[in-house]
Amino acid sequence: MAGRAELELALKGQGELVRKLKAEKAPEDQITEALAKLLELKAQLGTNDGKQLFVLKTPKGTRDYNPKQMAIREKVFSTIINCFKRHGAETIDTPVFELKETLTGKYGEDSKLIYDLKDQGGELLSLRYDLTVPFARYLAMNKITNIKRYHIAKVYRRDNPAMTRGRYREFYQCDFDIAGQYDPMIPDAECLKIVHEILSELQLGDFLIKVNDRRILDGMFEVCGVPADKFRIICSAVDKMDKMPWEEVKKEMVAEKGLSPDVADKIGEYVQLSGATELADELLQDDKLSQSKVALEGLADMKQLFEYLTFLGIKDRIVFDLSLARGLDYYTGVIYEAVLGPNQAITRMEQNEHCEPTGVGSVAAGGRYDGLVGMFDPKGRKVPCVGVSIGIERIFSMMEQKMETSDQKIRTTETQILVATAQKQLLEERMKLVAELWKYGIKAEITYKKNPKLLNQLQYCEETGIPLVAIIGEQELKDGVVKLRVVSTREEVDVARENLVEEIKKRTYTS
């Protein structure tokens, strides 16, 4: 009984914590986590008769989506897919799990977040962490040397979830990649243009796209005195500068990564710089950085990139930011990340200091990874690649919050018309008419009652946003017409049955 007493005490304490968090209006993800722990304790305690309770909940870091939420998601997906297709991309699909060795060693420190599956008889498998590594495996396996593809699918990360900020353990990625040997920076500029188009179309507010180059970072580490074997782990530390101030990043470099304080200070002089083409010019003249061949290559390409971004009309939304590092091991050249709200970046450009981030953070990111396909090719043949991934879950979180605060009604169906009747014994005629409408591609419904009341049918249309009602009765059947009612204005007009489809199409938007 001692175990039960301890559980009851823990349950009481957890209940008090949940109430306290709710009273203090704590962040939603903190409340959700505390509530989940409370439910687990209740389940462990069980019922009075000794049976254990089964708690109905989704696994940590996952969620369900109701019809309204799915309507928002479909709209966002449609915008993104249309943009990808507008730029000439074709689509592929790959398995949700890969051989563990396919994913191992590709993600740096983030490799610990990969979900490993239990051995099912011979093959060690892991759930995919992103769509980029499976894409590289696909290219190498099928000996494809050039393709422009998009891929929208779920990926899995054993991360600490922050649900309100769109950070989950199971989530969608929307990737666009260009594989092939092309002139420098032309495909890279198009990827940035795609990010610009999508964020502009979704009307999420101001945004900024930060760019940098892994070669500039590596050259910077080299001239600052970072040992070559520490490049990647120091890169991961720099990548945290959007989440914490420089002093904390420096502390991590020195205390956890074993870097000397003077080397960290030299890095600090560079990574707090941001600007545009003029910054690239300044760095090309920098006494230390100009001694690094790889850094010079990266800076020359950065200047070329900004020229192309000017041609594409998006230069005003791009900032060259030396703190952008992107922690993944496979990047080899240009890297970029889109954040909502340019205020922080502009302030930092003016004041040359880092601020604490707010909001949802990064909503798109990507870069060049010229060596990844070669890691899978038996002969090590490289296929240059560049791509971008849209942070769809964070965008959904923003769109949902936006919809919750607006009066805009969200339709969860696309039904154009309801076939209704005011009289009894007309189910057969309703079914015949709705079948006729379906045959001609009209999105139509009937209610599932033999003799429904007209008022109930009209109320259903108002609740679900169905714009039109086709009302049939004995007289309409005799005259060969349908009474077409506009739900919003209650206007009614008789339409000849043979003209009904055309009239519906005229009065409703069809995609």
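At the start of helix α7, a side-chain oxygen of Asp-213 comes to within 2.8 Å of the backbone nitrogen of Arg-215; a polar contact is a pair of N or O atoms within 3.5 Å, where within protein one must be able to donate a hydrogen and the other to accept it, and residues adjacent in sequence count only if both atoms are side-chain atoms. Helices (H or I, at least four residues) and strands (E, at least two) are DSSP runs, numbered from the N terminus. The model is predicted: local features need pLDDT of at least 70, side-chain atom pairs count only at pLDDT 80 or more, and totals for chains, interfaces and linings use all residues. Residues are numbered from 1 along each chain as its sequence is written, and side-chain values use heavy atoms, with hydrogens and water left out.

**The chain as a whole**

- The protein chain has 18 helices and 16 strands.
- Taken along the principal axes, a box of roughly 90 × 75 × 55 Å is filled by the C-alpha atoms of the protein chain.
- Of the 511 residues in the protein chain, 48% are buried; buried means under 20% relative accessible area, exposed over 50%, and partly exposed in between (1.4 Å probe, protein chains only).
- Among contacts in the protein chain with a separation of 6 or more, 69% are between residues 24 or more positions apart; contact means heavy atoms within 4.5 Å.

- Helix α7 is largely enclosed by the rest of the structure, because 9 of its 11 residues are buried.
- The buried residues of α7 are Arg-214, Arg-215, Ile-216, Leu-217, Asp-218, Gly-219, Met-220, Phe-221 and Cys-224.
- Their cover includes the strands β6 (207-213), β8 (318-321) and β9 (334-340), together with the helices α8 (231-238), α10 (261-271) and α12.
- After α7 comes Gly-225, which has a positive phi near 95°.

**Packing of α7 against α12**

- Two packed helices are described by the angle between their axes and the distance between the axes.
- Helix α7 (residues 214-224) packs with helix α12 (residues 293-311) at an angle of about 145°, and their axes are 7 Å apart.
- Axes are lines fitted to C-alpha atoms, for helices over the stretch in contact, and angles run from 0 to 180 degrees between N-to-C directions.
- The α7 and α12 crossing is left-handed, the term for a near helix turned anticlockwise from the far one by less than a right angle, with right-handed used if clockwise.
- On the α7 side, Arg-215, Ile-216, Gly-219 and Glu-222 meet Val-294, Ala-295, Glu-297, Gly-298, Leu-299, Asp-301 and Met-302 of α12.

- Arg-128 lies in the loop between β3 (125-127) and α5 (132-141).
- Arg-128 is buried but has no salt bridge, and the nearest side chain of opposite charge, that of Asp-93, is 4.3 Å away; Lys and Arg count as positive and Asp and Glu as negative, while His and the chain ends are not counted.
- A salt bridge is a side-chain nitrogen of Lys or Arg within 4 Å of a carboxyl oxygen of Asp or Glu.
- The Arg-128 side chain does reach the backbone oxygen of Lys-154, at 2.7 Å.
- Not counting residues up to four places away in sequence, Arg-128 touches a set of residues including Asp-93, Phe-97, His-151, Lys-154 and Tyr-156.
- Arg-137 is in helix α5 and counts as buried, at 13% relative accessibility.
- Apart from neighbours within four places in sequence, Arg-137 is in contact with Thr-94, Pro-95, Glu-98, Thr-102 and Phe-376.

**Salt bridges**

- The whole structure holds 33 salt bridges.
- One of them joins Asp-177 and Arg-149, with the closest N and O atoms 2.5 Å apart.
- This pair links distant parts of the chain, as Asp-177 is in strand β5 (residues 170-179) and Arg-149 is in strand β4 (residues 147-156), 28 residues apart.
- Asp-177 counts as buried at 2% relative accessibility, and Arg-149 counts as buried at 0%.
- Arg-368 and Asp-370 form a salt bridge whose closest N and O atoms are 2.8 Å apart.
- Arg-368 is buried at 13% relative accessibility, whereas Asp-370 is partly exposed with a relative accessible area of 25%.
- Glu-436 and Arg-497 form a salt bridge with the closest N and O atoms 3.4 Å apart.
- That pair also links distant parts of the chain: Glu-436 is in helix α15 (residues 427-439) and Arg-497 is in the loop between β16 (492-496) and α18 (500-507), 61 residues apart.
- Glu-436 is partly exposed at 30% relative accessibility, and Arg-497 is partly exposed at 22%.
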